[in-house]
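Trainee: I would like to go through this model with you, one topic at a time, before I rely on any part of it.

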Amino acid sequence: MESSYAPLTEACAKALSDKTYEKRKAAALEIEKMVNEFNKAKNTNQIRKLLNLLGNDFAISRDSNKRKGGLIGLAAVSIGLGKDSEKYINDLVRPILNCLSDPELKVRYFASESLYNVVKVARGAIVPLFPDIFSALSRLVTDPDQSVKNGSELLDRLLKDIVTENSQTFDLDSFIPLIRERVYPNNSFSRQFVISWVSVLNAVPEINMVVYLPEILDGLFQMLEDNMVEIHRMCETLLSQFLRNIQNDPSAADMSKMSNILIIHAQSTNELIQYTAIMWIREFVQLSGPKMLSFASGIFTAILPCLAYEGDSRKHIKETAQAVNKTMLELVSSKSDMSQIFKHLDLDSIMEVLRQYLAHSSVDTKVAVLKWIHHLFTEAKDKMSAHASGLFPVLLGILSDNSDEVVLQGLIVLAEIVNTTNTKDTNINKTHYRKFLISLLNLFSEEKPFLENRGSLIIRQLCVLLNAEFIYRTFAEIISEETVNVKFASIMVRTLHTILVTSSELFELRSQLKDIRNEKSASLFQCLYKSWCHCPISTLSLCLLAQCYQHCSELVLIFGDLEITVEFITEIDKLVQLIESPIFASLRLTLVSNNNNRADAKHLSQALFGILMLLPQTEAFKCLSNRLQCVPNYWGLSNQDTDTQSIQCQSKIDFNELLKHFRQIQKNHHLHRINQRKRTVALWDDEAAKDDH
């Protein structure tokens, strides 16, 4: 009578169910030998009978040892069959897959080992069963037992090799839903598993994973917030690979489907997610061009708050957001086909977002918004006219903002909207603008922080919007009439001069002042000089700029008679720094120039040595001293031979008269300081008297 375990013998079946691994392994070796003989004899019936026994009797038995025996037996059958395993692949794999979910960890471990051996033999034959194997493996990688995890890792690496080898027959359309289902796990091991598989497939040249990226991109971004650094690294690397693939072949990527996903993640509180999303948006804008303008309102919602970031921790996010903003500005440009541009732009939604962020607390964000509004009016005034009435009250409110930059940018936008300013207009209404500048000076005088915080930017902006020479002439004329508030006049002159010698917007005005032999330049110089006398160092700096070096040396000698305050020394220190700046490069070269028979070089040298003597031995002293050590000795030149050849002497300016004016203004300042001290002492006396009573 045939054994109930046929084709196994009773002894083999008993050994296969034994609790000791050695006996089960010996039985497995017997099965392997038996199957090998069956296969050579083409006895498929016996092979299938054995598989049925192992799969339906042993592998699902209530006895865990019997289940373990069934698993090692199935692996032995596969080894015995060799390449012919593919004929029986379903019967070999299905029972093992069921055991991968077994409640007993040892059974799960042997199941992973058994499946590994089957897959190792069958290789490409398991591809049709890959979805089921992948699903089982995705559960196995989260197993609480480390030995089971280790077994799953070996199986995982083997499967990846097989899929890579069989990439041409691999059904990617069936695999992507499996990834999509598992792309949102909370478990770090599951995330690592998914990332590794996507990375492997993305590295296969025959597989274009970019096509399927919109389906898994959201999940990949969410994985960036995992607590494990290794997950961060793997996911960052994978996303970088995807981005390079998109850059190499933009046509393969559905950027429209991915853009909204990126916009959502660009608003994440997680810095890594936010930075990565904005970086992708930057690349999409560069690659896709005007098509990305369809997402402009969403992109603005994402990047405008990022412009507010301060400090090093989010500096990279801010810089990337700025790059996106810049590229978007360039897309909406008159250099492009504006009819095509506005097919993608939804101005209503864009302006709604921009108006919203005008109320943002960040200066950088508000400035960016104002620049966008100005840009849109510049490029499409007709289309933007419908938004003008709604914007005007908001922009007027912006002028009371605490930020000078916001206020000035608001002025630019208002000027563009009402179209009242034209920088090329030569017929300026001088009376109207003089009243405006007087009001502005009064405001500066009444609110010192306003001048300190906004003065420079306001004046620079006025010089851009109007006419720099006219602005400076008018300011100088008004200040020169000041006889009461001479302290403010000094502060205002210092502010105006700092802007004059450092601002790029005033390059042409500086150039105009550099040759006082020209009648127009001489007129401007004299106009400025009369008010600049309120600040001695600014006066000296103006003369250095105008190349009247003989007068500079005379002024320096007069400085010895002035009250040398800490503020005075500080201003000289700043002047030395300015002399070392690129703006005064021509001045430094004058020291070694043969022009005008070295007359200017001699007088300049005298002036600089005079400044050196006024300075205490600070860093500024050392800096200027080192500079002057490189200067030739001009003391042998007689004044009679050189003075008449200097630039100053070639002009038609009466410098003696200017020097008298300087002395008179400084005398007024001296009297003002004396009176101020008397008032302070009197106030102290009054306070002391009150305390006595």
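Mentor: Let us begin with a definition: a contact, or touch, means heavy atoms within 4.5 Å. This is a predicted model, in which local features need pLDDT of at least 70 and side-chain atom pairs count only at pLDDT 80 or more, while totals for chains, interfaces and linings use all residues. Residues are numbered from 1 along each chain as its sequence is written, and side-chain values use heavy atoms, with hydrogens and water left out.

Trainee: Which residues does Leu 159 touch, not counting residues up to four places away in sequence?

Mentor: Leu 159 is found in helix α8 (residues 146-165), where helices (H or I, at least four residues) are DSSP runs numbered from the N terminus. Leu 159 is buried, with a relative accessible area of 1%; buried means under 20%, exposed over 50% and partly exposed in between, with a 1.4 Å probe and protein chains only. Leaving aside residues up to four places away in sequence, the residues that Leu 159 touches are Val 119, Ile 126, Ile 133, Leu 137 and Trp 197.

Trainee: Is Ser 78 buried or exposed?

Mentor: Ser 78 belongs to helix α4 (residues 64-81). Not counting residues up to four places away in sequence, Ser 78 touches Ser 85, Leu 92, Asn 117, Val 118 and Val 121. With a relative accessible area of 0%, Ser 78 is therefore buried.

Trainee: What is the relative accessibility of Lys 42?

Mentor: Lys 42 has its place in the loop between α2 (21-40) and α3 (44-58), and its phi is near 55°, a positive value in a residue other than glycine. Lys 42 counts as exposed because its relative accessibility is 69%.

Trainee: How many disulfides does the structure hold?

Mentor: A disulfide is a covalent bond between the sulfur atoms of two cysteines, assigned here to a pair of cysteine sulfur atoms within 2.5 Å. The number of disulfides that the structure holds is 0. Cys 543 is in no disulfide, the nearest cysteine sulfur, that of Cys 548, being 3.9 Å away. Cys 623 is likewise in no disulfide, and the nearest cysteine sulfur, that of Cys 630, is at a distance of 11 Å.

Trainee: What is the volume of the largest cavity?

Mentor: A cavity is a set of points, on a 1 Å grid over the protein atoms alone, where a 1.4 Å probe fits but cannot get out, and lining residues have an atom within 4 Å of a point. Grid points are joined across faces, edges and corners, and a volume is the space filled by probe spheres set on the points. The count by this rule comes to 1 cavity of 30 Å³ or more. The largest cavity, to whose lining α28 (536-545) and α31 (585-590) each supply at least two residues, has a volume of about 40 Å³.

Key: 1 Å grid on protein atoms, 1.4 Å probe; cavity = no way out; pocket = protein on both sides within 12 Å on 5 of 7 lines; lining within 4 Å.
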